[in-house]
Amino acid sequence: MKFVKVLIAISCFFALLCLVRCCSSSSSDNHAKEQIAQDSVVPEEQIAQDSVIKVADQKSYVEYKHTYKDAKHFSFSVDYKIDSSLTGVNEKILEELVYIATKRRNTDFLSSAKAYADSLYKGYKSQVEDGIIEEEFNYEYTNEVEISNVYDDSYVLSVCVNHSSFEGGAHGNYCSTYYVFNLKTGKQYHLSDLIEENAKENVSSLIVDYFVKENKLNKPEELLEVGFIDLKDIKVTENFFVNKEGVSFVYCPYVIACYANGTQTAFLDWGKWGKGKLIKSGSPFACFIKEYALTH
């Protein structure tokens, strides 16, 4: 009988020991789970607060992303890219392209990106304070600039700067602007280097005719029915580029047509310039007309 009592006591002791171990193990597991949960959250918050910068080559590619510490719902990212074939051009041209992309002189893409982000953030905070926008909604602003080589020969370089951004509203905005340079001297060519002043109206008429034919219409007035805003707006523009085939005049959204129509481009081959005597006397592009006549 005494032996049985001892056996029961020993059994109870081991049962109690197992219970304590189980509770201890459960508590340890729960603590570990809490620790894992905390550890997984903290780095995410830290990453969201810190700026993330990736720089491959400040002349050719910069990606800058930033989320401000005191505004978790506002973030900004910018990509500045330049065609690698342009990084070896005349230094004067390269400096001008950096200015065109950043609107700042004697700076690099990265510092410009930070300044632009700060200006947007200042506007965002002002709108929050005025009650125009609500802070709890996410605002992800973007700005992208890509500079590409469109055409180059021994002395002429045509460059395109594609710019797109989103700064709130129903949709983002975009525009392609073009620049023509002398590869040797770095001089930028303008419309005045291409067209005689008294020939601008004739060139404008050719541009209107191009859009009429391009849209398969019969007369200029019908352009108003397919999204063009006002015929008076269709004029020669400084936004042009040249290649061996001719001249292209480019109009960003809203300039001559509605946003849904996108970018409008009118192409006038060099044959039209030769026949109409539109090109400026002594223009650096006059040789294109001769070359075109020989090959067409």
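View 1. Helices (H or I, at least four residues) and strands (E, at least two) are DSSP runs, numbered from the N terminus, and packing here rests on contacts, meaning heavy atoms within 4.5 Å. This is a predicted model, where local features need pLDDT of at least 70 and side-chain atom pairs count only at pLDDT 80 or more, while totals for chains, interfaces and linings use all residues. Residues are numbered from 1 along each chain as its sequence is written, and side-chain values use heavy atoms, with hydrogens and water left out.

**View 2. Helix 4 end to end.** The 15 residues of helix 4 (200-214) reach 21 Å from first C-alpha to last, close to the 21 Å expected at 1.5 Å a residue; the expected span is 1.5 Å times one less than the number of residues. Just after the helix, K216 takes a positive phi of about 55°.

**View 3. Helix 2 and its two ends.** Helix 2 (residues 91-102) has twelve residues, which should span 16 Å at 1.5 Å a residue, and its end C-alpha atoms agree at 16 Å apart. At its start, a side-chain oxygen of N90 comes to within 2.8 Å of the backbone nitrogen of K92. Just past the other end sits K103, with a positive phi of about 60°. Buried residues in helix 2 include I93, L94, L97 and V98, and also E96.

**View 4. Two ring pairs.** Rings of Phe, Tyr and Trp (its six-membered ring) pair if their centres lie within 6.5 Å; planes under 30 degrees apart count as stacked, over 60 as edge-to-face and the rest as tilted. That rule gives 15 aromatic pairs. Y174 and Y259 have ring centres 5.9 Å apart and planes at 70°, so they go down as edge-to-face. Y174 is in strand 6 (residues 173-182) and Y259 in the loop between strand 9 and strand 10, so the pair ties together parts 85 residues apart in sequence. Y259 counts as partly exposed at 24% relative accessibility. F211 belongs to helix 4, and F228 to the loop between helix 4 and strand 8 (240-242). F211 is buried at 1% relative accessible area, and F228 is buried at 5%.

Key
Buried < 20%, exposed > 50% of the residue type's maximum accessible area, 1.4 Å probe, protein only. Polar contact = N/O pair within 3.5 Å; in protein donor to acceptor, adjacent residues only side chain to side chain.
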